[in-house]
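Me: I am new to this structure. Could you take me through how to read it?

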Amino acid sequence: MTHTLHRRGDRENLSCDYIVFTMSAKGFNEEGAEVKMGEFLKIMLKYHPVNFGDMITGNRFVKSEEEIRQNIHSTSIMHAVFTDKSTVSKILRELKEKDLGLSVVVTGIHDNTEECCREAGLRKHTTEHSLGIFGSLKRLPEEAILQLSTMCGHAMVPANLVLRMVGEIKRGQKNFKEAALELTKPCHCGIYNPVRAEKLLRKLVPLLTYDS
Amino acid sequence: MKIDTGKCVGCGKCASYCTMRGSIMSFERNPRNPAKVYAVIDEQECVECCVCLRSGVCRQEALYQPDLSWPRIVRKNFSDPLKIHPETRIPGRGTEEMKTNEVTGRYRSGFYGMALEMGRPGVGAWFRDVEKVAMAIASLGVTFEENNPVTKLMTDKRTGRINPEVLKEKVLSAIIEFLIPQEKIPLLMETVEKIAREIDTVFSGDIISRMAKDGSIPYLKFFQERGRFISLNGKSNVGLGRPRHLED
């Protein structure tokens, strides 16, 4: 599962996109992991994530914080999305201090997350990079749409929904923030970044023209 | 997914929530009441991701998920991340991969972990194409990840051959996951680029490694020196899991 990988974009628009998440290692530290994940969520919420969720329950825009908290299992995967690296550094420092014993992954621009780790007194153990898209590329939507749709690694945010939101903004039926939140909802895990989505929509909408 | 034609009013709003970009839907006219139009889903192309149903976009409640049996259930297992795979015990279509590597030791020094996610982003893939790619890389002597849903569908892990019963099934994406010795990367990338020209979909590739002792990322140089694409963003396991794997 590489659900937070393959987020497309450039250095500028990816610089406000960080995900911190945790899961148990099945057969190793699964027992009691639900309690530790509850602690993890508590730490995340202290830093005001722009989105959070559990892969088992759903994201903050479709489920309440209470529902997410009460449904934590040892097989949960708990995510939180942040928009700046200084917050991520603080979170990593606190996670190091609390020493929950669960694996933690941070997704973002590698140079930036390296800096976050250094500031928190941590060393990366394992890294993963995207090698891009291969095959019949003509079947893909435009890059600007991909930057919005690939923020959900399970492809739950369809390209057509992006286009519909562009249309609704143009018709005045939604503002940029509302449209960004609409795109955030189908991404069950809570890894979609509504702040980045709003920024991307502000760039994309003027570029697309609809006739009557 | 199916649409109850008695309830559907043909508004087409569900098409916006179709991960197959709505191209799998068409409209038909009720022969007994020509004023009534309803939407129909092409069942061959639907990947059973359930995004349309979960969105709640249909005010008529015309969308419904029928019971799925083998082999069609494979579509839902791979396309709907809310479905927990019985083998991996993880919701979604993947595995723990690098996320718990400091505990499991899945990726050892001298090897790279790699994944080719067929159908991603948002195009979908037939298992016949998944098999084509799996067989091409199997010939290089890769080790497929045992605890991966695609590997579980292989009838022969040495050849990458997949259970013929599922070859006509289409999924939103399916991850071919394997280990490869570091020195085989040039040959693997050549093979990947060749097979990519022979399939009717897309796939996203990725690479995983433990950090080197000096803190560098072992695979970066290969891709940068050859001018090959490698993302500026990605995932990092920050090593907080316990107990640590013995190699550490």
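Predicted model: local features only at pLDDT ≥ 70, side-chain atom pairs only at ≥ 80, totals over all residues.

Me: Let us begin with the interface. How many residues of chain A are in contact with chain B?
Reply: The size of an interface is often given as the accessible area lost when the parts come together. Here we count residues instead. In this model, 63 residues of chain A are in contact with 69 residues of chain B. Several elements of chain A each supply at least two residues to that side, including α4 (85-98), β5 (103-109) and β6 (126-135). β6(A) gives the most, with 10 residues.

Me: What classes of residue make up the side of chain A that touches chain B?
Reply: That side has 29 nonpolar, 25 polar and nine charged residues.

Me: Which strand of chain B pairs with β5(A)?
Reply: Strand β13 (residues 233-237) of chain B does. The pairing is antiparallel and runs over five bridges. Look for A:Gly108, which stands opposite B:Gly234 in β13(B).

Me: Now chain B by itself. How many helices and strands are there in chain B?
Reply: Chain B has seven helices and 13 strands. Its C-alpha atoms fill a box of roughly 75 × 40 × 35 Å along the principal axes. Of its 248 residues, 48% count as buried.

Me: How do α4(B) and α6(B) pack, parallel or antiparallel?
Reply: Start with the angle between the axes. For α4 (residues 127-138) and α6 (residues 185-196) of chain B, that angle is about 155°, and the axes are 10 Å apart. An angle over 145 degrees counts as roughly antiparallel, so α4(B) and α6(B) are roughly antiparallel to each other. The crossing is right-handed. Among the residues in contact are B:Val133 and B:Ala136 of α4(B), and B:Leu188 and B:Ile195 of α6(B). By class, this contact has five nonpolar, one polar and one charged residues.

Me: Where are the cis peptide bonds in chain B?
Reply: Most residues other than glycine have a negative phi, and most peptide bonds are trans. A cis bond joins B:Trp70 and B:Pro71, with omega about 5°. B:Pro71 sits in the loop between β4 (63-64) and α2 (73-79) of chain B. Another cis bond joins B:Arg242 and B:Pro243, with omega about -5°. B:Pro243 lies in the segment after β13 of chain B.

Me: And positive phi. Is B:Glu61 buried or exposed?
Reply: B:Glu61 has a positive phi of about 55° although it is not a glycine. B:Glu61 is in the loop between α1 (51-55) and β4 of chain B. B:Glu61 has 11, so it is exposed.

Definitions and conventions: Residues numbered from 1 in each chain as written. Chains lettered and ligands numbered in written order. Contact = placed C-beta atoms within 7 Å. Helix = DSSP H or I, 4+ residues; strand = E, 2+ residues; numbered from the N terminus. Nonpolar A, V, L, I, M, F, W, Y, C, P; charged D, E, K, R; others polar. Pairing = 2+ DSSP bridges. Buried ≥ 20, exposed ≤ 12 C-beta atoms within 10 Å, placed from the backbone. Axes fitted to C-alpha atoms, helices over the stretch in contact; angles between N-to-C directions. Parallel < 35°, antiparallel > 145°, perpendicular 65-115°, else oblique. Left-handed = near helix turned anticlockwise from the far one by under 90°.
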